[in-house]
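Dear colleague,

I am handing over the structure that you will be working with, and it is placed just below. Please have it open while you read the notes that follow.

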Amino acid sequence: MSDRTMTRQVLLFISILSLSSVHGQVSYSIPEEMAKGSLVGNIAQDLGLDIKRLKSGNARVHVGNSAECIELNKERGVILIKERIDREVMCRQTTPCALHFQIIMENPIEFYQVTIEITDINDNAPVFKKDAMKFEISESAVIGAKFVLERAFDSDIGANGLQSYSLNPTEHFILKLQGQADGSKKVEMVLQKPLDREKQEQISLVLTALDGGEPKMSGTVQIHVTVLDVNDNAPLFTQAIYKASLVENSQRGTLLTTVRATDIDNGSNGLVTYSISSSIDGILDLFEIDESNGEVRLIGKVDYETAKHYQIDIEAKDQGGLSDSSKLVVDIADVNDNNPLIDMMSTSKSIPENSPSRTIIAVMSVHDPDSDNNGVVNCVLSENIPFTIKSTSNGFYSLVTDSDLDRERASEYNISVTCSDEGVPSLSSSVNLTLQISDVNDNAPVFERSSYEAYIIENNTPGLSIFTVKARDADWNQNARVSYILEDSSVNGVPVSSYVSVSADGGVIHAVRSFDYEQIKDFQFRVKAQDGGSPPLSSNVTVKIMIQDQNDNAPQVLYPVQTSSSLVAEMVPRSADVGYLVTKVVAVDVDSGQNAWLSYKLHKATDRALFEVGLQNGEIRTIRQVNDKDAVKQRLVVVVEDNGQPSRSATVNVNVAVADSFPEVLSEFTDFTHDMEYNDNLTLYLVLALAVVSFLFITCLVVIISVKIYRWRQSRILYHSNLPVIPYYPPRYADTLGTGTLQHVYNYEVCRTTDSRKSDCQFARPCSQNVLIMDSSTGTMQRMQNEQNILDEPDSQLEQKPPNADWRFTQGQRPGPSGAGGPPEMAMGTGPWPNPPTEAEQLQALMAAANEVSEATATLGPGTMGLSTRYSPQFTLQHVPDYRQNVYIPGSTATLTSNPQQQQQQQQQQQQMAAQHQALQAQPSEAAPQPEPPKAAQTPASKKKSTKKDKK
């Protein structure tokens, strides 16, 4: 604080109230003009609060409509000065001057009333309204004559306010102070020595006003006295105090009262003028007086809530300077012109629906500045809401719950608080609050029905949707999200989950399996609906599934029994009369209802005129007399048909023997069983043959299309591609358009006719002048155009090498039927039959031969033989081992045997070709003709073919 020493008085009052929202009241007393940040008091200590509570409760200062001059330091728990406080600005002349505010905390809501009394300090000096006062005094003024002086105004109060006056010099005049009823002092200047205008016409005085503060402060004003000629009578008011009443909010120009003063002097000395000399600030802005007649009128706006009383000092002065003063007291009458002021101090936006009764949702203060009944306020709530309002202290109210809340009935409340006074007419104010009710998981899902029954036809598709169960939850959001669960149970010892399933989201029940009415007719289970709350709530319902029958079973004949091993026949004597019961067909149908109603019809009969079948009972009876012309062996075909849609049926053969003795019957039925079995076997064979032929036809069609597509793609790649062909082949292997995979020195293409399976396999001279060779150094294929290039190079890679002696099979290793023999030299490995390649090479060779056969078929005539044009002349038959003796096809028992005449022709062609090659070569080489191999032994397959030809 400043260098001035001040004392601070702290008054602490702790009162425990009946309601829990107000916990105490504390009062402080501080001087005005304290510096910003000065300590007012330790509110935490004085109220017994913990600093942590101030922080957690978000403690704050609520001052309402007043200016915020103080602040709360939650860290220290003290109240500090926020803005400098001027008592004169805040309260003017009102005493005591106090600042009222509340300390509010949340969670739970609590508030404390705090009152700070502002004490006055001597910070204002007395002030005169005028810089100088002028008096004109007659010289005939008698000793003791009084001259009213303008009072000084001091904004301070009490001891710091205006205390005394002093007048200097005091030769002619002295001061006289006269106390008044309102506590103020009337200042008068009293003549103590007669005036003499001739000696001193002008008198100057100094009036000093002093206050009682420490240090004392003062204000001065100059008094100029003009001594006039004789005027020895001063004006005199008829009343010392005038009283008037005025209703607040009165119109401007309203007449309050009329004051009157009289002067018995004559002439100008008896002319009185009136004026207002009140030193109270603001009086001249509210009231005026007519100088001539003394009428006091309202020129401003008066408000009862601002000031309840006004004191007006009125002066009457004659022309001689004599004056008198009087006081006009104006009482302001209150009018109900202020609505109650509602200040929401703290509100809750949302509360859970399970909040207990008497839960505080808002705290507010209500104030009406009017007086008496005009200031009495009553607050009410809107109807039909579970809330009530309670008055906690003078002007403070709490809005609390009055009953249990249920979000499902009302999720939001618009609360209207209306506060009205008791004035006439009554004025009111209202405020609206919106309160959200947050959801609590207090409602379990409820199914739309107490139980469910559904029907499904048997033989349904697994996964079929049967029906849907639906449950609703009155809660909101996650608490209302329902999921469906199939409760564990069993049906006939089998878990129910193997029969049905339930979708968790939609409650759709699906069939897991296909139902059979004949095995299970109905079953029931329980479905649980569970919400997503925490903890979750659930309910369950019983579901019963009824299986409906379908006509899926044909009737079953129980009698007569149909067996393939024995024959059962019914005997009818030739003496049988009409209606004779031959037998009865007994059948059952495992279906139910009309699907199991059976009817019997006679489909076929040896003699339809002899027997009939009962439509409902299946009894076979004679319809005429049996005679000798009737055949002994009678065969009846009875059809048993159910009543389903579509209907199903079964047939039964009934054998009836019309004879009188058993030997007669036995002779007639000897080959009956054989014929029946023969017919059954024949039907089976026909069905199998049709299936096999169809399968073979489709397979061949697919294979032919695949081969054509493959060869078409290969031909386009090889002949129409602009890129170089660089295939990969194992060492010493070459390819002839993807058809041969033997080593290139033994690789030949065979072309056969469509009927070549009936002829011998022969080899002809190559007709092509081009050959594809494999360059081992570059890994590429080159087409040789000149046959001399290869024949002239003895060291060429394509030089013919003798066949490997290991390419030989013994007779036992050759494919074909066991016991097929051969010459001894073949068994010893000395014959012309070479050893075969591996199984993979054999398979590739056969595939190549098959492709060449298809090509040759399109170019050669029927019954002719030819070779492909892919081989160069150097590949002559003299360098090739003779394969003509026996040609075995793996996986077949057939052996192709060469024709001796064709072999002779081929030997002659080989000798001619050898001679031509010797003439072309520089150094002719000798080529021994290939000896004719012995004819291969005839295999059992060839024998079988010849046998069939001979038969034909």
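**A threonine and its contacts**

The side chain of Thr 401 reaches the backbone oxygen of Pro 356 at 3.1 Å, a polar contact, which here stands for a pair of N or O atoms within 3.5 Å, where within protein one must be able to donate a hydrogen and the other to accept it, and where residues adjacent in sequence count only if both atoms are side-chain atoms. Before going further, please note that this is a predicted model, in which local features need pLDDT of at least 70 and side-chain atom pairs count only at pLDDT 80 or more, while totals for chains, interfaces and linings use all residues. Residues are numbered from 1 along each chain as its sequence is written, and side-chain values use heavy atoms, with hydrogens and water left out.

A polar atom of the side chain of Thr 401 also lies 3.0 Å from the backbone nitrogen of Thr 359. Thr 401 belongs to strand β30 (residues 396–401), where strands are DSSP runs of E with at least two residues, numbered from the N terminus. Is Thr 401 buried or exposed? Its relative accessibility is 1%, so Thr 401 counts as buried, given that buried means under 20% relative accessible area, exposed over 50% and partly exposed in between, with a 1.4 Å probe and protein chains only.

**Strands and sheets**

Strands of a sheet pair through backbone hydrogen bonds, either parallel or antiparallel, and two strands are taken to pair if DSSP finds at least two bridges between them. Strand β26 runs parallel to β32 (residues 428–438), to which three bridges join it, and Ile 351 stands opposite Ile 437 in β32.

Elsewhere, strand β24 (residues 323–333) is mostly covered, since nine of its eleven residues are buried. Which strands are joined to β24? Strand β17 (residues 241–247) runs parallel to β24 and is joined to it by seven bridges, with Asp 331 in β24 as the bridge partner of Ser 245. Strand β23 runs antiparallel to β24, with nine bridges between them, and Glu 315 stands opposite Ser 325 in β24. The hairpin of β23 and β24 has four residues between the strands, and in this hairpin Gly 321 takes a positive phi near 95°.

**Disulfides**

How many disulfides does a search of the whole structure find? It finds two, and they follow the pattern 1-2, 3-4, with bonded cysteines counted along the chain.

Cys 91 and Cys 97 form a disulfide with their sulfur atoms 1.8 Å apart, and the link of Cys 91 and Cys 97 is right-handed, with 65° about the S-S bond. Cys 91 is buried at a relative accessible area of 13%, and Cys 97 counts as buried at 3%.

In the disulfide of Cys 379 and Cys 419 the sulfur atoms are 2.1 Å apart, and this link is also right-handed, with 105° about the S-S bond. Because Cys 379 lies in strand β28 and Cys 419 in strand β31 (residues 412–421), the pair ties together parts that are 40 residues apart in sequence. Both Cys 379 and Cys 419 are buried.

**Aromatic rings**

The structure holds 15 aromatic pairs, counted when the ring centres of Phe, Tyr or Trp (its six-membered ring) lie within 6.5 Å, with planes under 30 degrees apart called stacked, over 60 edge-to-face and the rest tilted. One of them is the edge-to-face pair of Phe 287 and Tyr 310, at 5.5 Å centre to centre and 70° between the planes. Phe 287 lies in strand β21 (residues 287–289) and Tyr 310 in strand β23 (residues 309–318), so this pair ties together parts that are 23 residues apart in sequence. Both Phe 287 and Tyr 310 are buried.

With kind regards

Conventions: A disulfide is a pair of cysteine sulfur atoms within 2.5 Å.
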